[in-house]
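Welcome, and please open the structure in your viewer. This short tour will tell you what to select at each stop and what you can find there.

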Amino acid sequence: MSQQLNTRVQGVSSDARAMMMYEANKKSIVVAYLFWFFLGMFGAHRFYFGKTGSAIAQLILTITMIGSVVTFVWIIIDAFMIPDWLRSQNTMLAAQIAGP
């Protein structure tokens with residue numbers, strides 16, 4: 001895929017190419033909060049950020065009645081953690097694109 005992208009933007013500087021790659025792959029706070037609001041009990045926002053293990057745990061806990069109470073508290077806490085996860089994810093992406 002990146003080979004195909006490089007072929008299409010040959011006339012573009014490497015800085016512009018890096019910016020385009022960043023913009024195409026960065027995480028969005030709006031998408032994260034939409035996942036949190038509508039599908040938070042199922043861990044969708046955690047899947048979005050690549051936190052698969054804890055997302056599966058939220059999904060399993062939601063199925064049980066007692067676990068639903070725990071998950072409700074968990075997603076309220078997650079609402080405050082999403083901006084930090086977003087910043088961290090996008091910073092790691094920028095570092096990967098920038099290279100060594």
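A residue is called buried when its relative accessible area is under 20%, exposed when that area is over 50%, and partly exposed in between. Keep in mind as you look around that this is a predicted model.

**Stop 1: arginine 46**

Start by selecting arginine 46, which you will find in helix H4, residues 44–48. Is arginine 46 buried or exposed? Its relative accessible area is 7%, so arginine 46 is buried. Now show the side chain of aspartate 78 as well: a polar contact of 2.8 Å joins it to the side chain of arginine 46. To see what else surrounds arginine 46, leave aside its neighbours within four places in sequence; the residues in contact with it are then Lys51, Ser54, Ala55, Gln58, Trp74, Asp78 and Trp85.

**Stop 2: helices H5 and H6**

Next, select helix H5, residues 52–63, together with helix H6, residues 65–98. The axes of H5 and H6 are 6 Å apart, and the two helices pack at an angle of about 140 degrees. H5 and H6 are therefore oblique to each other. On the H5 side, look for Ser54, Ala57, Gln58, Leu61, Thr62 and Ile63; they meet residues of H6 that include Trp74, Ile75 and Asp78. Colouring this contact by residue type gives 7 nonpolar, 6 polar and 1 charged.

**Stop 3: helix H3 against H6**

An angle over 145 degrees counts as roughly antiparallel, so that is how H3 runs relative to H6. The crossing of the two is right-handed. Which residues make the contact? From H3 come Ile29, Ala32, Tyr33 and Trp36, and from H6 come Ile75, Asp78, Ala79, Ile82, Pro83 and Leu86. Here the residues divide into 9 nonpolar, no polar and 1 charged.

**Stop 4: lysine 27**

Finally, select lysine 27, in the loop between helix H2 (14–25) and H3. With a relative accessible area of 21%, lysine 27 is partly exposed. A polar atom of its side chain lies 3.0 Å from the backbone oxygen of tyrosine 48. Not counting residues up to four places away in sequence, lysine 27 touches Tyr48, Phe49, Leu86, Gln89 and Asn90.

Terms used
Residues are numbered from 1 along each chain as its sequence is written. This is a predicted model: local features need pLDDT of at least 70, side-chain atom pairs count only at pLDDT 80 or more; totals for chains, interfaces and linings use all residues. Side-chain values use heavy atoms; hydrogens and water are left out. Axes are lines fitted to C-alpha atoms, for helices over the stretch in contact, and angles run from 0 to 180 degrees between N-to-C directions. Helices (H or I, at least four residues) and strands (E, at least two) are DSSP runs, numbered from the N terminus. Angles under 35 degrees count as roughly parallel, over 145 as roughly antiparallel, 65 to 115 as roughly perpendicular and the rest as oblique. A crossing is left-handed if the near helix is turned anticlockwise from the far one by less than a right angle, and right-handed if clockwise. Contact means heavy atoms within 4.5 Å. Ala, Val, Leu, Ile, Met, Phe, Trp, Tyr, Cys and Pro count as nonpolar, Asp, Glu, Lys and Arg as charged, and the others, Gly among them, as polar. Buried means under 20% relative accessible area, exposed over 50%, partly exposed in between (1.4 Å probe, protein chains only). A polar contact is a pair of N or O atoms within 3.5 Å; within protein, one must be able to donate a hydrogen and the other to accept it, and residues adjacent in sequence count only if both atoms are side-chain atoms.
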